[in-house]
Amino acid sequence: MAIQIFGKKLTSFQIVIIGFLGLILIGTALLMLPISVREGHGASLEEALFTSTSAVCVTGLVVKDTATYWTGFGQAVILILIQIGGLGIVSVAAFIALISGRRITLFQRSMLQESFSAHQIGGIVRMTSFIFKIALTAEAAGSLLMMPTFCRQYGVSGIWLSVFHSVSAFCNAGFDIMGDKTGPFSSLTSYAASPGIIIPVGLLIIIGGIGFLTWDDIAVHKLQFHRYRMQSKVVLVTTGMLIFVPSLLLFLFEYSGGPLKERFFLALFQAVTPRTAGFNTAALGFLSGPGSMLLIALMLIGGSPGSTAGGMKTTTMTVLLANASAVFRKKKSVELFGRRIEDNTIKNAMTLFTMYLTLPMIGAAVISAADNIPVAACIFETVSAIGTVGLSLGITPSLSFASHLILILFMFLGRVGGLTLIYAAINIQSADFSQRPVEKIIVG
């Protein structure tokens, strides 16, 4: 299905990409205004473009500390970009149309279906309303839970701190405005053992990253797990394992010293935030080699389909593991929770895995050569960018313009999706069901 704009037919994939690009450019223009920067002059094109892309793509990588460099107006622009980018341009446009009483066309419903990764077009308008109810309720609740801590320390400005960090956490963006209070680029390190901040932020990250289809299952079927869609079962089980196992490993091997309470919160938060929130409560530079590798793996996996999170998604990883299990056991089909996985789904999973594995390596090699930085540190940054995470080893602000462009491209690709970019670039009018003769090739 396509739509005509300026006499040209555009597919839904192309419209999504144009929408994100348009929002990034608007954000860039606003951040270049003198009113956006504390020093009284507008940001440079490089600073504004990088920050706008990071906000729209809910990544959190920054070249300037958000609190100390941007004014209240600039921070508000960043927060609006985060909110729209996190919920999706298509869904925000549809919600505005709904509350204004306009009819949602069939093409718009089709775009919403693709945006939410929904299985069918039926009920997609109801899903749009449900998504905004979940988002606004979670963000409001998160703000209220953080206000006592922030307001006790910073007075009335604690309200803005609570709202900003609540929206940033739910949208898995990782932007913070603590720099003028606890030091530039400090994130939430001063609240490492503060339940009043760590628990709400962690819960918001999980709620936003699970995916709205899963929340719809929970709302409809309550605790009747057996009635959930197979995708929801996969998301919940995989998410639980990706929180529990890394938390245990980090608790035992990375944060083995200090008070038990602080160790617990450090391990738990650092297991949650790499998928793909970007806040941090501990200096990442002190992680061991295996600890850094664990965080890189979590950043690559990311959140779940139809969520505010990025990455190659929890379902992708589970499908790949299920496929490997089927090969090991010489089973004809790949199965999960008593259901067979389509071959096309497995192909998409393998394609995404290949893209998310190779592109950050190539980008890291280029950045390392261009800026003379150890390739291991560059891999961490490129994986953080393509996974729309925002965790950093601190090298991003010092990178060259060319390296910043690479990270910008990766952030954009990670948010809109690699397959979406491919489908937009290669406008295939019809599927090709022809098959060539079979010939065996040995692998492994």
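Guide: A disulfide is a pair of cysteine sulfur atoms within 2.5 Å. The model here is predicted. By that rule, the count comes to zero disulfides.

Visitor: Why is Cys171 called buried?

Guide: Buried means under 20% relative accessible area. Cys171 has 0%, so Cys171 is buried.

Visitor: Why is Thr105 called partly exposed?

Guide: The limits are again 20% and 50%. Thr105 comes out at 32% relative accessibility, and therefore counts as partly exposed. Thr105 sits in the loop between helix 5 (89-99) and helix 6 (106-116).

Visitor: How far is Thr105 from Ala94, in sequence and in space?

Guide: Eleven residues separate Thr105 and Ala94 in sequence. C-alpha to C-alpha, Thr105 and Ala94 are 9.8 Å apart.

Visitor: How do you know that the span of helix 15 agrees with its 15 residues?

Guide: The expected span is 1.5 Å times one less than the number of residues. For the 15 residues of helix 15 (residues 314-328), that gives 21 Å. The end C-alpha atoms are 21 Å apart, so the two values agree.

Visitor: Which residues of helix 15 are buried, and what do they pack against?

Guide: The buried residues are Thr314, Thr315, Thr316, Met317, Thr318, Val319, Leu320, Ala322 and Ala326. They pack against helix 12 (230-254), helix 14 (289-301), strand 3 (335-336) and helix 16 (343-371). Just after helix 15, Lys330 takes a positive phi of about 55°.

Visitor: What makes a space a cavity, and how many of 30 Å³ or more does the search find?

Guide: In a cavity, a 1.4 Å probe fits but cannot get out. The search of the whole structure finds one of 30 Å³ or more. The largest cavity holds about 50 Å³ of space.

Visitor: What lines the largest cavity?

Guide: Its lining is Ile205, Ile206, Gly209, Ile210, Thr239, Val272, Arg275 and Gly303. Helix 10 (residues 195-210) supplies the largest share, four residues.

Visitor: How many of these lining residues are nonpolar, polar and charged?

Guide: Four are nonpolar, three polar and one charged. Gly counts as polar here, and Arg as charged.

Notes:
Residues numbered from 1 in each chain as written. Predicted model: local features only at pLDDT ≥ 70, side-chain atom pairs only at ≥ 80, totals over all residues. Heavy atoms only, no water. 1 Å grid on protein atoms, 1.4 Å probe; cavity = no way out; pocket = protein on both sides within 12 Å on 5 of 7 lines; lining within 4 Å. Points joined across faces, edges and corners; volume = space filled by probe spheres on them. Helix = DSSP H or I, 4+ residues; strand = E, 2+ residues; numbered from the N terminus. Buried < 20%, exposed > 50% of the residue type's maximum accessible area, 1.4 Å probe, protein only. Contact = heavy atoms within 4.5 Å.
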